[in-house]
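Please consult the sequence and structure while reading.

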Amino acid sequence: MSDSDVSPRDPTRQEDLRFQRRLWRVERAAWCVQVGLVVAALAGLAGGGPLSRGEARASGLRVEYARIARAASPGELRLELSPELLRGGEVSVRFDRAWLSGVKIEGIEPEPERSETQDEGTEFVFRARGAGPARVRFDLQYRSAGLRRGTVGVEEGPEVTFSQWIHP
């Protein structure tokens, strides 16, 4: 069979350049999406990177928390309280009930002098040690997946709100 025997309309002879160009565009878009996902994961959107850490501040109260974490995995929340927030050598910190219902507190360093459960949440009272800012670390385990909003406040003092995304 010679070239003259093949019809110019024969799909095996003609290339569909329009289709091929569309396919190339789709492939390039898929490559961009894949690179974007890898960069986002490395940056912490899957947990463990710089974007996964958060900080909230208000008048001498600083809260460091995980913006992104995994359910049933360990985590921590850190508080730093300025000396101005101490009342009689003690500071009282409140966590709202909604946020506490989604975490299990595994440990607190330093140990609180006492804690009290109230209608709106739980209050932990810490004795000041030393002259600088008071630092408290809560070791946690996240109970369930989903968006979590929390509020931490000091009695008769500042209050901060933060949000976390807990992966399943």
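**Core, sheet and loop**

In this predicted model, the largest nonpolar core comprises 29 residues. Leu77, Leu79, Phe95 and Phe138 are those with the most contacts inside this core.

Q: What makes a set of residues a nonpolar core?
A: The members must be buried residues of listed types, Leu and Phe among them, joined through side-chain atoms within 4.5 Å. The largest such set here has 29 residues.

Q: With which residues is leucine 79 in contact, leaving aside its neighbours within four places in sequence?
A: Leucine 79 is in contact with Arg62, Val63, Val93, Phe95, Ala134, Arg135, Val136, Phe138 and Val152.

Q: Why is serine 59 called exposed?
A: Exposed means over 50% relative accessible area; serine 59 has 65% relative accessibility and therefore counts as exposed. Serine 59 lies in the loop between β1 (53-58) and β2 (61-66). Not counting residues up to four places away in sequence, serine 59 touches Leu85 and Pro158.

Q: What makes β3 (68-70) and β7 (114-117) stand at the edges?
A: The open sheet has 6 strands in the order β3-β11-β10-β5-β8-β7, with mixed pairing. β3 and β7 each have a single partner strand, so one side of each is left without a neighbour in the sheet.

Q: How do you know that β7 and strand β8 (residues 121-127) pair?
A: Pairing requires at least two bridges between two strands. β7 and β8 have 4 bridges, in the antiparallel sense, and therefore count as paired. Serine 115 stands opposite phenylalanine 124 in β8.

Key: Residues are numbered from 1 along each chain as its sequence is written. This is a predicted model: local features need pLDDT of at least 70, side-chain atom pairs count only at pLDDT 80 or more; totals for chains, interfaces and linings use all residues. Side-chain values use heavy atoms; hydrogens and water are left out. Helices (H or I, at least four residues) and strands (E, at least two) are DSSP runs, numbered from the N terminus. Buried means under 20% relative accessible area, exposed over 50%, partly exposed in between (1.4 Å probe, protein chains only). Contact means heavy atoms within 4.5 Å.
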